[in-house]
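Dear colleague,

Please find below the structure that I am handing over to you. My notes on its salt bridges and disulfides follow.

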Amino acid sequence: MVKRLLITSLVFVCCITYVRTQQCEQSVDLARFDCHPDDGASQQRCEARKCCWRLPTQHTNSTEKHRSNFQNIDVPLCYYPSDFPTYSIVSNQTTDFGQRLRIIKSQTTFMPNDILDLTVDLIYETQQRFRIRIYDSFNKRFEVPLDEPVVEKKADMTDYEVKLIQKPFAILVTRKSTGVTLFDSSLSPLIFADQFIQISSRLSSPLLYGFGEHTQPLLINITNEYKRLTFWTRDIGVRPDTNLYGVHPFHINLELNKTTGQTNAHGQFILNANAMDVNLQPLPALTYITIGGIIDLYVFSGPTVQNVIQQYWDVIGKPLMPPYWILGFHLCRWGYGTIENLTEVMQRMHDADFPVDIQWTDIDTMDSHLDFTYDNKTFHGLPELVRKMKSEGKHYVNIIDPGISSTQPRGTYPPYDEGLEQGVFITKYNSTEPIVGEVWPGPTVFPDFTNPKTIEWWTKFLGAYHDIIPVDGMWIDMNEPSNFVDGSHEGCTNNNLDNPPYIPHVYGGNITAKTVCTSAQQYLSSHYNLHSMYGFFEAKATNIALRKILKKRPFVLSRSTFAGSGKFTTHWSGDNSATFTDLYQSIPTMLNHNIFGMTFAGAEICGFNDETTEELCTKWMQLGAFYPFMRNHNAIGAKAQDPAVFSWEAQQIMKQALFMRYSLLPYWYTLFFKASTISTTVIEPLFFEYPNDENTYGIDQQYLVGPAILVSPNLFSNSTTVHAYVPQDVWYEFPSGIQITKVGQYVDFDTPIQKINVHVRGGFIIPMQIPGPNLAFGRGNPFELLIALSQSGNASGNLFWDDGDSMDTIETKSYNYFEFNMTSSNVLTMNALITNYKGAAMVLGTVKVLGLHKSVTNVNVNGKVYSNFAYNIDDDILRIYGLNLNMLSEQTSQTIEWITLDW
């Protein structure tokens, strides 16, 4: 009897082992999804989670998994079995917006407070936009307050098809035309606990873009590696593989079709503000892991990259239209120290004939680092200096931090006294007392910008400061929010808001590191939910305040951002360093900012930290002339790096770069108009325009300004050659206008330090203007049209123009808009479609035509013979000059025609 029981038991154990073996088998290592995404995985811990522990097929024989803190991670040893507890559909209801599902599961998983009953809304929002919302069926959870569009009626037609799997629950979204996967959650179990939410999706290819804010190459290529990206706003200098100042959990995925050679694209955006990891694996697939909120996931079907971005911006909001004056050159430093040093630099720049349209100052102008003040001793006369600048057509911007000093004698610092009385500061957990941290002025409290009262308080004190120093914009810094102590001076609680069961791989190892306690309370929710939106709400409040104070288009520059911040603020890449590596990294970072809807973006030219060199600063000024936001700014203690401190030769090179920038500003300004109206990026990677050319997919040492200007800078020390890719197209050197002959290949351009490689693409007309001493005085100068002919002799372009800083000129159509068309019959047509801005004359002075391969014998302007032209037979360039043509003429369609000599 005992023997029979023993045999029966052995058979039972063998059967269980066999079942477990079958459930743990994976055809490839890449199909493993990590069941222990937190650090410290071991076989014992893994199996306690009812997961599988096995060495990869080709891997070290270690028994403990040790992973690097960030990004590059290994094949998981601990992974989900196929029978891991998950959800099943129990009801499927048709709704006006699409479908509402109820999904349940009977077993909890390894994270506490597993939610067993969920609701899933499948919202067919537009033909190209699909939304998935998964949330607790009974208890309200935090949702991101973004003002996204609310769609109540299902789209009649869609480019995507949606299929459901009942058990285990999964959603599959494919492109109707090709069958390519846009979203597929069937690969790994859905987990939805109170503070651990995980959902995975298959990717259509291992080639991705986006996922910010991180310092990384433009192309995220997971063909051969696992990666992890972490999202949680953090004050940390620019460095790779780290969660940085902003949170933008949006990506673009390429769809490669080797058969047709046609590459499409789609995108995903998870609308979630809690701390998050995104794990990428070369299957290819991704996994979102967030510690709060709900699953609110958008799928954008494209099919072009620009379509995907337009569909994304339709959700988060289009970028703001910047004032014209901010397109000029900006100069700043932390550490002017005194007004004498500031005026010395300004005079030095003036004497060297450099245009400085915007002068900035940093925190050293404040009185004891107190917001809304200036030091009347070291910066005596600052208000008068600013007024003098403004009388000369220049502008002034100052910095402000969110931390408000809490230790000034009562009655001496109204921002704190009144803020305390009005209850505008973030409070401790379960308390009405403000939480106290530490920033530049010492112990500080933090305004809660989600509170409407705070916006009124902020506006009042910004207005009072503006009455003293008439700033033209505000630079909001340290708004992650940054804190010099972890949590607060009193520490944080021991509850699960400050110590969640899962901590994403944030820098510092804790979500309270160098910020306020996440248990702190704000008007809309806990800081646990709102932390990464702090800069978003401060930017929104500052934008509202400046509109009220200035009665003009506001300029806000914010370090911390969230999806949708581009509606209210501009952005820069933060505290970089004076290295050639940082020079290169500025390009993919800036391109990503444009993708995220912050089109006016740039990096600290010449580097913020460390000492720059003349070579580095010269090359950076050349590249910076083609940033949307061009600011030279460095840190306290470093030597001066304003352009006028360098050698005469370096100054001439920098001036040439600035001249190129200023001459192209009508083109830039028109690009910003398009970004804010039709959602096109201002700068873009090459693959945006050449999606079927695989050579362009990973290029991030070159980029395009709009679709028409190719920038290929020299990014290396002691280098006089640039190895650049020239797409298969017609290209002309700028500004010489000479057509280049090698296209569709990499070209080694001779690039001495005096030169930056800029090329204009055939088929485009670039509006330009002769620069003045600054933008205010140059706006009335004659315009120029640079016509770069395509292979077939065509070209087109446009120009937007208004007064440069009035609010809502686009909404009220208080602007001028021109379309230019050049046909192969040698006729340039200029159509003035809108001419509602009559505040200044608009005169066309010169037309320059590139790639005209036949000699010109005659020119007619509006049907009349015109003699001021010259044709260069060697370079195939026609120049028509001295036109003085009124662009606002009652004749809304004007023509310029030339007659060529037939050989």
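Lys140 counts as exposed, at 72% relative accessibility (buried means under 20% relative accessible area, exposed over 50%, and partly exposed in between, with a 1.4 Å probe and protein chains only). Its side chain meets that of Glu143 in a salt bridge, 3.3 Å from N to O; the term stands for a side-chain nitrogen of Lys or Arg within 4 Å of a carboxyl oxygen of Asp or Glu. Glu143 is partly exposed, with a relative accessible area of 27%.

Please note that this is a predicted model, in which local features need pLDDT of at least 70 and side-chain atom pairs count only at pLDDT 80 or more, while totals for chains, interfaces and linings use all residues. Residues are numbered from 1 along each chain as its sequence is written, and side-chain values use heavy atoms, with hydrogens and water left out.

Salt bridges

The count comes to 40 salt bridges. Lys140 and Glu143 belong to a network of them that also links Glu125, Arg129, Arg131, Arg133, Glu148 and Asp296.

Another salt bridge pairs Glu604 with Arg631, with the closest N and O atoms 2.7 Å apart. Glu604 lies in strand β31 (residues 604–605) and Arg631 in strand β32 (residues 630–632), so the pair ties together parts that are 27 residues apart in sequence. Helices (H or I, at least four residues) and strands (E, at least two) are DSSP runs, numbered from the N terminus. Glu604 is buried at 0% relative accessibility, and Arg631 is buried with a relative accessible area of 0%.

Disulfides

How many disulfides are there? The count is five, where a disulfide is a pair of cysteine sulfur atoms within 2.5 Å.

Cys46 and Cys78 form one of them, with their sulfur atoms 2.2 Å apart. The torsion about this S-S bond is about 90 degrees, so the disulfide is right-handed. Cys46 lies in helix α2 and Cys78 in strand β3 (residues 78–79), so parts 32 residues apart in sequence are tied together. Both cysteines are buried.

Cys492 is joined to Cys517, S to S 2.0 Å, and this link is left-handed, with -90 degrees about the S-S bond. Here Cys492 is partly exposed at 30% relative accessibility, whereas Cys517 is buried at 2%.

Cys332 is buried, with a relative accessible area of 1%.
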